[in-house]
Amino acid sequence: MMKKILLCAVVFISFLQGVQAQQRTVSGKVTALDDGTTLPGVNVVVKGTANGTVTDANGGYTISFSEPNAVLVFSFVGMETKEVAVSSNATVDVQLGMDVTQLNEVVVNAMGDVVPKDRLGSAPSTVSGTAIISSGETGILNGLAGKAPGLNLTRNGGDPGAGSYIQIRGQSTINGSVQPLIVIDGMPMFNTFQDNGNQVDGVQQQSRLNDLNPEDIASVEVIKSASAAALWGSRAANGVIVITTKKGMNSKGKINVSYSGTLSFDQVNKVPELQRTFGQGGDGAYVYNTPRSWGDKISERSGGQDTYITSGAGYTGYTQFADGTQRYRISQKNSTETYDHGKEAFQTGHFLENNISLSGGNERSNIFASYSNLNQEGIVMNNSNYKRNTARVNASTMLTDRIQLAANMSFSGVSSNRIQQGSNLGGIFLGGLRTPPDFDNSFTEGTYFNAEGVPTLNKQVSFRNTNGSAGNSGFDNPLWTINHNKNTSTVNRVLGNIELNYELTDWLTLKGNVGVDSYSDRQTEFVNAQSAILPGGAYTEQVITEAQWNTNLYATGKKRFSDTFGGSLVVGFNYNNRQFNQTGAQGVGFIVPDAPPNFGNTDPNNRIPFNLATTIKTAASFADLNVDFANQVFINLTGRAESSSTFGPEAKSLFLYPSASVAWQFTQLMANKSLLNFGKFRVSYGVVGRQPDPYLNKTLYNTTSFVEAWGGTLTGGQYNGGYSVSTTVGNPVIRPERKHEVEGGFDLRFLQDRVSVSATAFYNKTTDVILPVNVSPSTGYANTVANAASIENKGLEFVVEPTWVKTSSGFTWSTSFMWSNYRNKVLSLSGAESVFLSGGGFSDGSSRAVEGKPLGVLWGTYYDQREDGSYVLDENGFPKLAPGEGVIGNPNPQYRMSIGNTLRFKGLSLYALFDMQAGGQMWNGTRGALVNYGTAKSTDQETTISANDAATIKTFDGSTIADAGRATQNGDGTYTFRGTVGNYGGGQVALDQAWYTATGGGFNVNGPFVEKANWSRLREVTLSYAFNGASFRSATRLQGITIGITGRNLALWTPYSGIDPETNLTGANNGRGIDYFQNPNTKSILFKLTITY
Amino acid sequence: MMLASGCNELTEGYSTDPVNITDPSVIATGSFLTGAQVGLIGAYEGDINRLVGMWSGYFSGEDRQYIGLSNYGVSGRDFNGEWAAIYASVLKNTQIVKSRAHVEKNFRALGIAQVMEAMSFGLAADLWGDVPFSEAVRYPVITEPKFDNQASVYNAVQILLDSAILNLATTVPTAYKTSPDVFFGGDDAAWTKVANTLKARYYLHVRDYDNAAIYSDVSMGIDDPSGNMMAPHGPVYLQQFNLFYSFTTYDRPGYMGANSFAPRLIDPAEADSRNNAKTSEEARLNYYYYPGGGLNFASIAYEPNVLVDFDWGSGEGYDGFFGANTSFPMVTFEENTLIRAEALAKTGDFTGALDALNELRSYYDNGGYWSAGYEADFDSQYDPYLATDFLPGGIENADGVASIDALVREVIEERYITLLGQLEGYNDIRRTNNLLDIPIKVGSATLPLRLLYPQSELNTNNNVPTVGLFDATPANTTPY
């Protein structure tokens, strides 16, 4: 892919020596070694002469010369240079391999301009479009995982279309988004994560970046350095990801056609372990409809049909299922059957993606067009899918010799349906994993006949409503949920820009780039009338639209004052206008329960419309000065003066964002380059920022909404139109956050570029971090928002890329080794003990900012310990809860590392990416809850103790094991009980039901459920073969066919006991490391076919 | 720089939220008044009420966090909501009403706002003792209000109520005669009686029985159930549900039951219930509680009666006390009568106290405040007590204490049941040094004697006093 971008860069500038016919003529074809595609525009020169040509659109060339022992030199930017002796051949075909170290590599800077990487004073990471596509991920974001050092990606989960959290160089803000700015072809685009404020429940939301077709991407630059990002000022605090899409090239009029098809099969990769030994009930006995599984031992039952109450006392009617069976209230469990509730709602998901692209051009114009269709069925058995259609046209033409007009335009249509998750009575896992192992969820509904024989059709049955007699399912049966609740999203998006480039003189170019990104996302949520989420049902429909216009105007002047001194200056202007609108309504309580979604099917009092709108305007002027000395020292200075609408009239509103960087290619001074052939030191400093969210400057007055802690709500609308002043007081002097960063590093290449090494160290400090600050509630307000915190990040990044083997037969083995570590610290919170992050989880079990600690630390309740580490115990020897809450874990990794190995031999290629995170913790709230419910695997332990111990060892409720009524006495006088014996320093105690349903369980304490979440995974293995030999081409008239097979997440090693720890309940929010019944991640096998014509 | 100044022009004028109100002057004073009233309902009926209700023997914690909370396992964070309800939801908005009422000559809104402020500061003093008053609600001038001592806050509450009574008596322009007031539609007479009953309530809280008797007199306080200040509710979840109903039936079913002291005290099936030859509480029991469970619990001894026809098909006239539509009592004729009974008894007027008690029993004997269906289907009997009933050996004095003490005990017990589910029930227990012996959780010497100061205030205000959950508030440190 790289070669195509490079081609774009050089196609207008490389040219063209005249060809003088002499005695001999040789012709041939130049193709790419890796995929067999033909290479137009390759320089072909007779060595030692100025005699040369370039290959045509089909890679063909013809050259004449007179030298007797001519050697042809084939060179092409970004590819290895090859010398071939002609001898007596009339035809010389050449395959050029990618230059793995990418000599003279160019990268795209933050403004979207192509610059040589070796002159940069900072180190962006480049991920090629090919690498993203080969990952087999449907979305660009997940395709980046493990492929750029220091780019931390966490999937929102394995649901189709789920978005991802991106973190570049650590979190540097608390209140605002930590997601980087995405710039595509010079135009900022939305990567919104629209969670509707639903942070611990709802569905796995999408990231809007994934609306793009990965096959359209030429390359992605991850710009981590503040100095390189500073031209985006207050939008660049989290770094910038610059995406360049594919362009057409000069093919002398020929149209290149490429088709690719991918078929993927996806499965759940890891689910929490559950016990299947003990049944529904409590105190070792079956209890009808009880939420917990502290019942009898299933294996000790008699077997056969359960005993039903079919009449008389306790008769509560029955449910008649479609298969003719009936289920009554159970008086005694006899059946010994158990069920796997971890995977019962999942299937092998799959997707099929078809992509076709056309490209071509001539000397003046080029065009690239593509269409793709993706159709995915998720791993959840029903109502879980993702469909994406994209179309793109990128075209450019020289209107005159000096004026170039280019336009890039893409359309996306994305629709999806998802099942809810998380802290949600209708989530798959919440109801599913809590289901007792002896309850069969596969009977989901039937006709319920009450004790008087009155039928209710389509009644949901669940383990808390086993025969349909209760009003409510308690927790929804997951197999019922997936067929009855729907959550759709339909996105239509237009994204594009037009660029006019006017080369006014040889040294001065004017450029204008105007773009738009506009989408609408129509979301619906249908909650069936029988769902526990909201008894009576609810329907919510909303349309979210976002649109931004962006204009860049700039002039670039270039001047060389001498061979050793030159420079360029860019002066420009940027104007950006973003609008957000959300309009929708909710209707609660269906009049006709099973009607189609229609607000008319609710009481008018139960319809709640809502709307929201924001406008953010940013205007800036900027300058970018580049100077180079002696071909070895490169200096870059940038500055941006920016004003934004998010500050009120009382605040200062013009802010400056400067940067400076220096690169020194010290190897220019060295005579002997046989070992070290290239070396560069670089150092930079830059300031970037983050705008305040809009409208923080004024206090709002809204219709009254009194929401008490547990959810109960009273609204002014129902009480004669009450209005109230907001509890958040406006801050009229809010300023942007500012991140200052210094960075230094070096880039080295050894042995004629066989080995490249890059290292970077940085330190940054964000000041004026915007924070919701508590105000003493007795002042009449609860909080405000202020520039009240500071955060520092420091880190190291290494990339080592050796080519171990490179034989003349065409075998290569190269490795890309990446390592990064970051250390983050909240320096000041202006006295606040802790700050709950957006998406921080729950009030107990959360991710927070705490002074002196890394951002995002896990926070919650824990067992009280004295300074010497001993537990504070109750009278029975059990640990007591500490009176308050505190830091209980750290989700931030120690370091991250990835190793990618590529082996190639002719058309065969094997790539394996091993990815790991060392350190980092998660709060396994899922396990905490399941321990309480008695379905966690760890609760199936049984312990036998002597009669003596049974009479003395205390249970948490103050009894002894012998007296608690939960242990069975064996023939030899010993006692067996469900649980273990523990010791917290006050002697032996029984950890049984009494303990786990109280202080030992996850609803009462968080600390013990924080687990190590380090992981290693075989993230990707791709084996592909390209058919592109001459005989194949002549036989098929195709340029090539590539077939490939890719495995994603084939192996995962982790001590974490829950689902794949590369997840977070609250998705791409700022809170990290929260696990509470979210839907699991996947592993996949993909088959891919690519045909180029 | 020329470009830069141009930047400002391009971005100016978009700093104000386009869909939310940032200029309060466009909102009518009456809207802020009703907004504050919603907050007041929340403060009196919302989550703290359930918490102290579990401590008071009205409810039981049956699941999850409610088990710990019911066992006094609380931290400052559990009280953030109540504190904010009082200071932000009510007082910040009544302050706006007051500041405008003078200009608009809307003395009715002013008076009502003052009554609500008195109820808010009074409640805060009841629950926490020393609380911010003189420096409260003055952001940004005062960012860390000082804590005024409880006695001075109670004093200030009386002054606020006096002022409210004067303002309610002031003639207002006709336009203000109708009011969005959700409690009484702006009826100044009704508000005046509420204000007097509140004066009596807060005098009672500081053991000033003489004044409590004066202001609870039929000529001053609420003299008829039609004058009750009731929080209205309706059938829309997340909008106007009775907050008990929202919690027990929609938000957290199964968390809170009523395996507790209060239902057993009135259940005729219980051997030591308060039913006697003159009293049958069966109707009231069933109105409050659902013996045997079966609503939100499969089976339990008692659970809060949340019946309402639209969810349970229970039929008209069977709305439970905790039903979705059931109005919640805030200041009532019943309370006023019992204040009078207690205050007179405590000042030695046995006859006056007994008359007051019997006045209430007569009301109950005629169907009381419970839904008609329960009165029709269950035993309900409240014959007048005679002085002899309180003599040693009488039906209300089995243990042979002085008559007047037996009467006080009966009044307190009647208050306990009449004020069931209300914060005033918890106030009584602390005020009377747990005269009724409400059970205390194992491992604790006393009931919690106050609320903890909220974490939100502790985090932001250096003036917060240091106290513990079992430290009585100053007003309750003297014997009852």
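Buried means under 20% relative accessible area, exposed over 50%, and partly exposed in between (1.4 Å probe, protein chains only). Keep that handy for the exercises below.

This is a predicted model, where local features need pLDDT of at least 70, side-chain atom pairs count only at pLDDT 80 or more, and totals for chains, interfaces and linings use all residues. Residues are numbered from 1 along each chain as its sequence is written, chains are lettered from A and ligands numbered from 1 in the order in which they are written, and side-chain values use heavy atoms, with hydrogens and water left out.

**Exercise 1.** Work out which kind of aromatic pair A:Phe842 and A:Trp923 make.

*Solution.* 
- Start with the rule: rings of Phe, Tyr and Trp (its six-membered ring) pair if their centres lie within 6.5 Å; planes under 30 degrees apart are stacked, over 60 edge-to-face, and the rest tilted.
- Searching the whole structure turns up 98 aromatic pairs over all chains.
- In this one, the centres are 5.9 Å apart and the planes stand at 70 degrees, so A:Phe842 and A:Trp923 are edge-to-face.
- Now place them: A:Phe842 is in the loop between β44 (835-841) and β45 (846-849) of chain A, and A:Trp923 is in strand β50 (residues 921-924) of chain A, so the pair ties together parts 81 residues apart in sequence. Strands (E, at least two residues) are DSSP runs, numbered from the N terminus.
- Last, check burial: A:Trp923 has a relative accessible area of 4%, so this residue is buried. A:Phe842, at 14%, is buried too.

**Exercise 2.** Find how the rings of B:Phe321 and B:Phe328 are arranged.

*Solution.* 
- Their centres lie 6.2 Å apart with 45 degrees between the planes, and the pair is tilted.
- B:Phe321 comes out at 4% relative accessibility, so it counts as buried.

Note on methods
Helices (H or I, at least four residues) and strands (E, at least two) are DSSP runs, numbered from the N terminus.
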